Amino acid sequence: MSQIKPYNTEAGKKREVEEMFDNIAPKYDLLNHVLSMKIDVLWRNTLVKWMNADKPKLVLDVATGTGDLAIAVQKGTGAEVVGLDLSQQMLNVGIEKIKKANLTEAISMQKGDAENLPFESNKFDAVCVAFGVRNFENLEKGLAELSRVVKEKKSVYILEFSKVEGFLGPFYMFYFKNILPLIGRLVSKDNRAYTYLPDSVNAFPFGEKMKNILLNSGFSKVEYKKLSLGIATIYKATK
């Protein structure tokens, strides 16, 4: 697995990812919605509808960031949600957002490492990750941890960027590699964060390759849905 890192320093990927998200936290939500034209909201809602069929009561949202998926899951399923992230600055933004939504009783946020989850095995009715597994330092170790903490016969839902295939592919890649990083740099003032995004997506497995990695990480069944012509994919991996 290629180790694409935000800043390419001597620090490990985990440390660089934490630093990057701490840096861009104040502008993260604005940039997310502008750069995706709010399609990311529809993607999260699609994940929540798929998860809701399982009627979960307790859900873990890994790499929760500023809490958008945690909030969507809580509103869509009524479950109690635990959000976990490496970046304290992203969590701080999320905590304020949860307060404004009057959801502090239903959603808790904590700092933690996806590859060393601070929870007992077979604890959660569902686990979800939106745009986070791409940032794991050790993908297989992180996926094995997600499998460990979800209950038997229950599922992990992963929303991640993939690649647009077909005739639209080159046009999307031009936007992704040229326009998106320029806007990201101008707004976030971080010269590397939004160059890391397309680089990390290009290096990350998707589709059948990702399905096979999940099957080798402790899951017995994997399904996936392509979204918006393949810009993103939701994987449902059942333990």
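Tutor: Helices (H or I, at least four residues) and strands (E, at least two) are DSSP runs, numbered from the N terminus. Counted in this way, the protein has 8 helices and 7 strands. Its radius of gyration, taken over C-alpha atoms, is 17 Å, close to the 18 Å that the globule rule (2.2 Å times the number of residues to the power 0.38) gives for 239 residues, so the protein is as compact as a globular protein of that length. This is a predicted model, in which local features need pLDDT of at least 70 and side-chain atom pairs count only at pLDDT 80 or more, while totals for chains, interfaces and linings use all residues. Residues are numbered from 1 along each chain as its sequence is written, and side-chain values use heavy atoms, with hydrogens and water left out.

Of the 239 residues, 54% are buried, meaning under 20% relative accessible area with a 1.4 Å probe, protein chains only. A nonpolar core is a set of buried Ala, Val, Leu, Ile, Met, Phe, Trp, Tyr and Cys residues joined through side-chain atoms within 4.5 Å. The largest such core has 48 residues, and those with the most contacts inside it are Ile-107, Leu-159 and Tyr-194. Helix 1 (residues 13–36) gives the largest share of this core, 8 residues. Apart from this core lies another, of 28 residues, including Val-156, Phe-204, Met-210 and Val-222.

To look closely at Ile-107, leave out residues up to four places away in sequence: Ile-107 then touches Ala-70, Ile-71, Gln-74, Val-81 and Ile-98, where contact means heavy atoms within 4.5 Å.

Note on methods:
Buried < 20%, exposed > 50% of the residue type's maximum accessible area, 1.4 Å probe, protein only.
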